[in-house]
Amino acid sequence: MVRLVINNEKITDRDAFIKICPFNALEIKDGAVKVNGSCRMCRLCVRKGPDGAAEIVEDQEVKTIDKSAWKGIAVYVDHEDGIIHPVTLELIGKARELANKIRHPVYCIFIGAGIVDKAEELLHYGVDNVYVYDHESFRHFRIDTYTSAFEDFIKNIRPTAILVGATNVGRQLAPRVAARFRTGLTADCTVLDIKENTDLVQIRPAFGGNIMAEIHTPNARPQLATVRYKVMNAPERNAEAKGKVTVCDLSNVILNSDIEVIDVVPKPKEKFIENADVLVVAGRGVKSKEDLNMIHELADLLGGDVACTRPLIESGWFEAKKQIGLSGRTVRPKLIITCGVSGSVQFAAGMSNSEMIVAINKDEKAPIFKIAHYGIVGDLYEILPRLIAKIKAEKGA
Amino acid sequence: MGMNIIVCIKQVPGSNKVEVDPVTGVLKRDGVESKMNPYDLYALETALRLKETYGGTVKVISMGPLQAMQIIREAYAMGADEGILLSDRKFAGADVLATSYTLSQGVREAGEFDLILCGKQTTDGDTAQVGPEMAEFLKIPSVSNVRRIVSVEDGAITVEMDMANTVEIARIKFPCLLSVEKDIFMPRLPSYVKMRATKDREIKVIDFSSLEDQDEMKYGLNGSPTQVQRIFPPEPNIKRELWDDSADELADKLFSKIKECKFI
């Protein structure tokens with residue numbers, strides 16, 4: 001049991017002490033400082049308060065686990081009707097890098113219908129074994145049958161870590177599996193590393209703000225992490241296939257579902273901001289909806305697409321799928337030009353891997369300038385029209 | 001056919017302006033005001049529409065400090081019938097697993113239900129994982145990314161699930177959990193009349209001692225397999241240039257740079 005204890009007699013300045021907590025979890029009640037339910041156990045009061053004022057008390061030993069009983073880095077093969085999502089390859093590349101550090105194998109788990117030959121293709125990317133759960137009842141994604149197959153895989157193979165793409169399927173399946181094994185799951189990791197003791201080092205933006213958190217799962221296995229598309233690098237395809245495909249026995253897998261898929265309708269093909277080579281992004285510095293015309297014009301001239309930040313979704317100027325950031329899409333274009341975007345971590349998490357970042361903002365202190373390769377301190381209303389005119393002149397010439 | 005619906009809601013900070021002081025490493029949070037997670041409004045609206053069509057009750061459940069009663073009042077003003085707040089220091093420091101487990105225990109206290117509705121994600125955690133984990137603990141089927149309710153039949157609900165390239169139309173047996181997309185319905189505004197009428201309505205506060213599972217190791221920090229090792233400000237980009245000049249000069253420089261990199 002881990003508890004946070006406040007020793008009031010050691011608090012020198014009550015008001016200063018209470019202010020340490022960013023979550024307002026310290027309050028004065030019945031004449032003493034107490035911790036309320038807002039506490040997130042971030043331990044800032046322990047570290048920043050007077051010595052001994054706040055302390056962590058552990059009443060009993062933490063239950064430890066035998067980490068050596070869990071071996072291998074596994075990747076969930078994300079697909080729709082057998083067409084493998086490219087995030088899978090990116091995760092295989094990362095899994096190989098992590099596995100090499102601790103001398104573990106790389107596995108894939110592939111659940112679907114008629115997918116054995118597609119599993120063979122994965123052997124060109126550095127996988128030691130692809131475990132295939134192939135059955136007609138896996139034709140469409142259904143949470144209960146897929147979780148059952150995943151459970152069977154974990155029980156038999158016991159991988160130490162599992163990487164799942166943060167797709168519409170992965171975001172449902174990974175939590176379901178994590179809860180079944182009562183283990184940790186870290187969403188939307190932007191950096192992954194591994195320690196010699198097989199603890200996965202997971203880094204992601206935290207508390208919805210301008211902070212990064214390093215998260216470990218020290219006393220539970222397997223360790224689950226989701227990663228978005230275009231965050232990691234995809235490996236090159238090897239001409240030669242290595243490793244093998246194992247078709248798994250289904251006798252312990254539940255194939256009956258409480259979910260009946262009635263129909264699957266293809267969505268009309270549309271332009272996704274994830275696929276654009278050039279993006280021009282509108283932020284709150286754009287004052288009216290009409291002013292978006294120049295953003296669109298610049299994007300058209302550069303053969304790119306337009307995206308936006310969260311406030312512009314909230315004002316109804318754009319559809320949700322045009323939003324970059326933690327609550328929107330992750331993009332990695334060759335060129336991104338942000339116009340009037342301040343650059344919260346929330347936003348940056350969705351675009352900081354772009355190859356060339358140009359930021360236009362009036363405020364030289366805007367956080368976007370910390371990540372922009374070329375920061376332009378100026379008024380977008382003065383710069384964009386001039387830039388557009390120049391490009392037009394160049395193209396006309 | 002009356003449906004019993006539970007909606008999960010969360011109180012989140014009104015603003016996301018959080019920064020780490022690079023020198024002291026202390027978190028700074030601007031403003032203390034908080035609000036209902038905006039994505040939850042869509043789940044609540046969905047529940048209210050279902051109730052209006054099919055009859056039944058809408059209960060809201062939340063976990064958090066006592067201040068979170070404020071968002072339950074807001075839900076009452078939108079039309080929710082009952083509210084439950086799970087609040088106890090023992091729930092503090094909960095990660096996704098412990099949060100989902102606590103909520104699943106709270107739901108057991110809320111009585112029989114047909115449907116649990118969740119928003120897509122919260123604006124302070126952004127993980128979108130609590131819904132599916134709760135469903136696992138309750139051993140009920142779940143569907144995320146629900147963008148439309150097609151129909152409600154006896155003992156089941158048919159919905160459209162948004163996938164990357166397709167839309168899956170699926171029928172799920174009750175009881176089940178759905179996470180709904182933003183834009184499934186336009187949320188209504190809280191009504192002043194309802195707010196007045198419900199100002200004395202009870203909010204049931206449940207603490208640890210009222211839950212069925214009394215194993216403290218499953219709640220709060222103790223029940224959280226993930227641990228935050230450290231927090232730090234994001235690393236700035238190393239190779240960067242800041243240009244401050246007249247608009248003409250800036251447009252010139254930017255044009256040359258874009259051309260040099262062959263984007264024109």
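**Note on the predicted model, chains A and B**

1. Start with helix α2 of chain B, residues 69–78. This helix is mostly covered: of its 10 residues, seven are buried. The model is a predicted one, so read every value here as computed from it. The buried set in α2(B) consists of Ile71(B), Ile72(B), Glu74(B), Ala75(B), Tyr76(B), Ala77(B) and Met78(B).

2. What covers the buried residues of α2(B)? The cover includes strands β2 (11–13), β5 (34–36), β6 (56–63) and β7 (82–86) of chain B. Helices α1 (38–54) and α5 (192–197) of chain B are also included. Just past the helix, look at Gly79(B). Its phi is positive, about 130°.

3. Helix α4 of chain B, residues 130–138, is the next one to check. Nine of its nine residues are buried. They are Val130(B), Gly131(B), Pro132(B), Glu133(B), Met134(B), Ala135(B), Glu136(B), Phe137(B) and Leu138(B). Note that the buried list includes Glu133(B) and Glu136(B).

4. Part of the packing around α4(B) comes from the other chain. Its buried residues pack against α6 of chain A. From chain B itself, the partners are α3 (96–109), β8, β9 (142–153) and β12 (176–180).

5. How confident is the predictor in chain B? Its mean pLDDT is 89, and 91% of its residues reach 70 or more. Within chain B, confidence is lowest in strand β4 (residues 27–29), at a mean of 53. It is highest in strand β8 (residues 115–118), at 98. For the model, ipTM is 0.88 and pTM is 0.82.

6. Now chain A. It has 10 helices and 22 strands. Its C-alpha atoms fill a box of roughly 70 × 65 × 40 Å along the principal axes. Of its 397 residues, 51% count as buried. Among contacts in chain A with a separation of 6 or more, 64% join residues 24 or more positions apart.

7. Strand β5 of chain A, residues 73–76, pairs with two strands. Three bridges join β5(A) to β10 (residues 161–165) of chain A, and the two run parallel. Val75(A) sits opposite Leu163(A) in β10(A). Four bridges join β5(A) to β8 (residues 106–112) of chain A, also in parallel. There, Ile73(A) stands opposite Val106(A).

8. Which way do the residues of β5(A) point? Ile73(A) and Val75(A) point one way, and Ala74(A) and Tyr76(A) the other. All are buried. In a regular strand, side chains alternate between the two faces of the sheet.

9. Helices α5 (residues 143–157) and α6 (residues 170–180) of chain A pack at about 55°, with their axes 10 Å apart. The two helices are therefore oblique to each other. The crossing is right-handed. From α5(A), the residues at the contact are Ile143(A), Tyr146(A), Thr147(A), Phe150(A) and Glu151(A). They meet Gln172(A), Leu173(A), Arg176(A), Val177(A) and Arg180(A) in α6(A).

10. Last, Asp249(A). It lies in the loop between β16 (244–247) and β17 (259–266) of chain A. Is Asp249(A) buried or exposed? It is exposed, because 10 other C-beta atoms lie within 10 Å, and 12 or fewer counts as exposed. Asp249(A) and Val132(A) are 117 residues apart in sequence. In space, they are 9.1 Å apart, C-alpha to C-alpha.

Key: Residues are numbered from 1 along each chain as its sequence is written. Chains are lettered from A and ligands numbered from 1 in the order in which they are written. This is a predicted model: local features need pLDDT of at least 70, side-chain atom pairs count only at pLDDT 80 or more; totals for chains, interfaces and linings use all residues. A residue is buried if 20 or more other C-beta atoms lie within 10 Å of its own, exposed if 12 or fewer, and partly exposed in between; C-beta atoms are placed from the backbone. Two residues are in contact if their C-beta atoms, placed from the backbone, lie within 7 Å. pLDDT is the predictor's confidence in each residue, from 0 to 100. Two strands pair if DSSP finds at least two bridges between them. Axes are lines fitted to C-alpha atoms, for helices over the stretch in contact, and angles run from 0 to 180 degrees between N-to-C directions. Angles under 35 degrees count as roughly parallel, over 145 as roughly antiparallel, 65 to 115 as roughly perpendicular and the rest as oblique. A crossing is left-handed if the near helix is turned anticlockwise from the far one by less than a right angle, and right-handed if clockwise.
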